[in-house]
Amino acid sequence: ETAVHLAARRGTLAILRELLLANGGPSAAAVRDDFGQTALHLAAEHGHVTAAELLMVSGSAVNAVTKSGRTPLWRAAANGYEDVARLFVRWGANRNYADEEGGLTPMFIASQMGHRKVVEMLLAHDADIHRGEMTGATPLYVASYSGHGQVVRALLERHADVNRPRNSGATPLFVAAQNGHL
């Protein structure tokens, strides 16, 4: 992990700005750690919207992929940082990129974690509402399974298929009932 990574993780803008200037901007912003993360991944994971914007202005790639196949948008969505996720979408982030570990998209992970505002923002920017992961579970399925009622409501308002089963045959309605979320 470099000093740029650490400054992005902590959101220390003055230090981040100086490090980027001193180390060549785009080349410093593009450096990856042992996990394949750029400083932008770390700013996203910790919700530092201004640091993320500074990194992108400095040349950091909005669709950079870690060794596990995760993008900065995925990290922001997983942690519920709607403002950071919105910034990435404005900069052209791939809203439907699926990670390599399980095929999880930003919409899927935000639904699974119950981050309604992120889900609504992604829906407003045409993220795929039905894209499932390796077992066929969809965003509606995982939100139903986990009891995230507001996310379920947001997905249903955008016409998510309540009867679409995962590979095992279980539907979102079935798992909601099974887990006491009706």
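Predicted model: local features only at pLDDT ≥ 70, side-chain atom pairs only at ≥ 80, totals over all residues.
Residues are numbered from 1 along each chain as its sequence is written, and side-chain values use heavy atoms, leaving out hydrogens and water. Local features need pLDDT of at least 70 and side-chain atom pairs count only at pLDDT 80 or more, while totals for chains, interfaces and linings use all residues.

Helices are DSSP runs (H or I, at least four residues), numbered from the N terminus. In helix 11, Val151, Val152, Ala154 and Leu155 are buried (under 20% relative accessible area, 1.4 Å probe, protein chains only; exposed is over 50%, partly exposed in between). Seen down the helix axis, these buried residues fall within an arc of 165°, so they line one face of helix 11; the arc is that of the directions from the axis to the C-beta atoms. Arg153 and Glu157, on the other side, are exposed. The cover over the buried residues includes helix 8, helix 9 and helix 10, where contact means heavy atoms within 4.5 Å. Histidine 159 follows helix 11 and has a positive phi, near 70°.

| Residue | Helix | Relative accessible area |
|---|---|---|
| Leucine 156 | helix 11 (residues 149–157) | 39% |
| Serine 146 | helix 10 (residues 139–146) | 30% |

Serine 146 touches Gln112 and His181, not counting residues up to four places away in sequence. Between serine 146 and methionine 113 there are 8.2 Å in space, C-alpha to C-alpha, although they are 33 residues apart in sequence.

Definitions and conventions
Helix = DSSP H or I, 4+ residues; strand = E, 2+ residues; numbered from the N terminus.
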